Amino acid sequence: MKAKFSRITGSIAAPRGFLASGIFCDIKRLGTGKGSEKGRKRDLALIVSEVPATVAGMFTTNQICAAPVKVCIQRVNKGVAQAILANSGNANACTGKQGLRDAFALTDLVAQALHMPVEQVLVGSTGRIGVMLPMDNLKRGILDAITLLGDSTECADHAAEAIITSDTRRKQIAVAFKLRGKPVCIGGICKGAGMIQPGLSATGRRPAALSGKVSRPGAPGGRLHGHATMLCFITTDAAIEAKALQTALAEAVAQSFNCITVDGDMSTNDTVLVLANGLAGNPELRTPNSEFRTFQAGLNHVCLELAKMIVRDGEGVSRFVTVRLGGARNAADADAAARAVANSSLVKTSWNGGDPNWGRIIDALGYSLAKVVEEKVDIGYSAPASRKILWSLKRGQPTKAGFKDLCAAVALKEFDLHINLNLGNSRAVIYAADLTEDYVGFNKGDVSDPASLGG
């Protein structure tokens, strides 16, 4: 279904009845750690609906789960929320019982100041792992953020800035469309540049494919290191029932945030939250009718555009590659094969160098858990979304494509990698990035400078 919607300004403040702000309260002390070179960057965001809203969420499936994620999982289940408080500079992860008490305390402060039920306040955090929150700074910051709440584009910009860490720019979007003749908006902001390969679920529990004792190459749930995460906050004035909103968000995330990778690492804090306050006045969406499908298309677009912004702004990234894998026996094989290629250090470094090295690609396919038959594999390149594919490998054998032509195909800042296993009808798409010296330089730390270590 081709929905008709248009891009508008205002991101999370574009839908009716939503207010936002972003302020600096020095959560990460100036001059310490990664990101401090940004100076007095805003680091505390507040998003508020003027009325209680339907809520849905998707959360990290990392077994090490940050305190704010635990709070949100518990509260989103109730189906109603009105405010989201989010900070950058400190993940409040691996902070034990005190970290959980602090997360609850922050929601208490917001609820008291805004005169709303505490169960309707959600919280998100991103930044350094294993450091306690500077609660005095946050307490002052919450009061400042409340006084600055507004529905202007500038207020939305401030909130979008407040959640970023190693990101180089704000990430935000809003779209408008109609439901039963009523104008409706969906707006969103997100952050993320490193520690990016989300594997989100509604409960934070891992799917069966990720919970076994045998590690799956390329599967979500890789290494854990010092900083960064993926956060996304979405607002809409559409009227939609809670279960329907959760269904819509799960579908949107499945084809967006759960299909990206920068470095193959899953964060402790990955969170996507959506608030729907119903002020557009459309008949409440409950079942998958044409109006629901229109809403779904809008939400899909918002999530996918935000997800792509994350990959394009990944730490050290110079190339954005869409891995399009087809011909797998089943969906699990398609995902495993595509992720093996997208996360291969050898493949990613060849992308960085503009080297059309199909040998590394077929090698990654071979060690994935997908069924792969050498004599059936096709590998090719194209411009983004183009049907004109330059095949470097057909049925497991090199084609007559010229090396210069292949180099030109992968010299683009953005290109598609096409893989066909020719074993079935299942497909997968992964949005990936190259691996650069800049990524290593940013993340390796310097033992002679302790402030640079640990995120």
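Asp26 is located in the loop that joins strands β2 and β3, where strands (E, at least two residues) and helices (H or I, at least four residues) are DSSP runs numbered from the N terminus. The structure is a predicted model, in which local features need pLDDT of at least 70 and side-chain atom pairs count only at pLDDT 80 or more, while totals for chains, interfaces and linings use all residues. Residues are numbered from 1 along each chain as its sequence is written, and side-chain values use heavy atoms, with hydrogens and water left out.

The phi angle of Asp26 is near 60°, a positive value in a residue other than glycine. Most residues other than glycine have a negative phi. With a relative accessible area of 25%, Asp26 is partly exposed; buried denotes under 20%, exposed over 50% and partly exposed the range in between, for a 1.4 Å probe and protein chains only. A positive phi is also found at Asn92, where the value is near 50°. Asn92 belongs to the loop between β4 and α2 and is buried, at 1% relative accessible area.

Helix α2 (residues 96–114) contains Val110, which is buried with a relative accessible area of 0%. Leaving out residues up to four places away in sequence, Val110 touches Leu46, Ala83, Leu85, Val121 and Ile142, contact being defined as heavy atoms within 4.5 Å.

Helix α4 (residues 153–162) is largely enclosed by the rest of the structure, because eight of its 10 residues are buried. The buried set consists of Cys155, Ala156, Asp157, His158, Ala159, Ala160, Glu161 and Ala162. These residues pack against strands β2 (18–23), β3, β4 (80–90), β6 and β7. Within α4, Cys155 has a relative accessibility of 12% and therefore counts as buried. Beyond four places in sequence, the contacts of Cys155 are Ala20, Ser21, Leu148 and Gly150.

The largest nonpolar core has 46 residues, and Phe257, Val272 and Phe295 touch the most other members. Such a core is a set of buried Ala, Val, Leu, Ile, Met, Phe, Trp, Tyr and Cys residues joined through side-chain atoms within 4.5 Å. At least two residues of this core come from each of β3 (44–59), β6 (171–179), β7 (182–191), β8 (231–236), α6 (242–254), β9 (271–276), α7 (290–312) and β15 (426–433). Helix α7 supplies the largest share, 11 residues. With neighbours within four places in sequence set aside, Phe257 is in contact with Pro198, Leu200, Met230, Cys232, Val272, Cys303, Leu306, Ala307 and Ile310. A separate, second core comprises 32 residues, including Ala86, Ala159, Ala162 and Leu275.

In helix α6, the buried residues are Ala244, Leu245, Gln246, Ala248, Leu249, Ala252 and Val253. Their packing partners are β3, α1 (67–76), β9 and α7. Helix α6 has 13 residues and reaches 18 Å from its first C-alpha to its last, close to the 18 Å expected at 1.5 Å a residue, where the expected span is 1.5 Å times one less than the number of residues. Gln296, a residue of α7, is buried at 5% relative accessible area. Its contacts, apart from those within four places in sequence, are Thr247, Ala248, Glu251 and Ala252.

The second largest pocket is lined by 19 residues, and Leu304, Lys308, Arg324, Val429 and Tyr431 lie nearest its centre. A pocket is an open set of points on a 1 Å grid over the protein atoms alone, where a 1.4 Å probe fits, with protein on both sides within 12 Å along at least five of seven lines; lining residues have an atom within 4 Å of a point. Two or more lining residues are contributed by each of α7, β10 (320–328), β14 (414–420) and β15. Helix α7 gives the most to this lining, with six residues. By class, the lining holds 10 nonpolar, four polar and five charged residues; Ala, Val, Leu, Ile, Met, Phe, Trp, Tyr, Cys and Pro count as nonpolar, Asp, Glu, Lys and Arg as charged, and the others, Gly among them, as polar.
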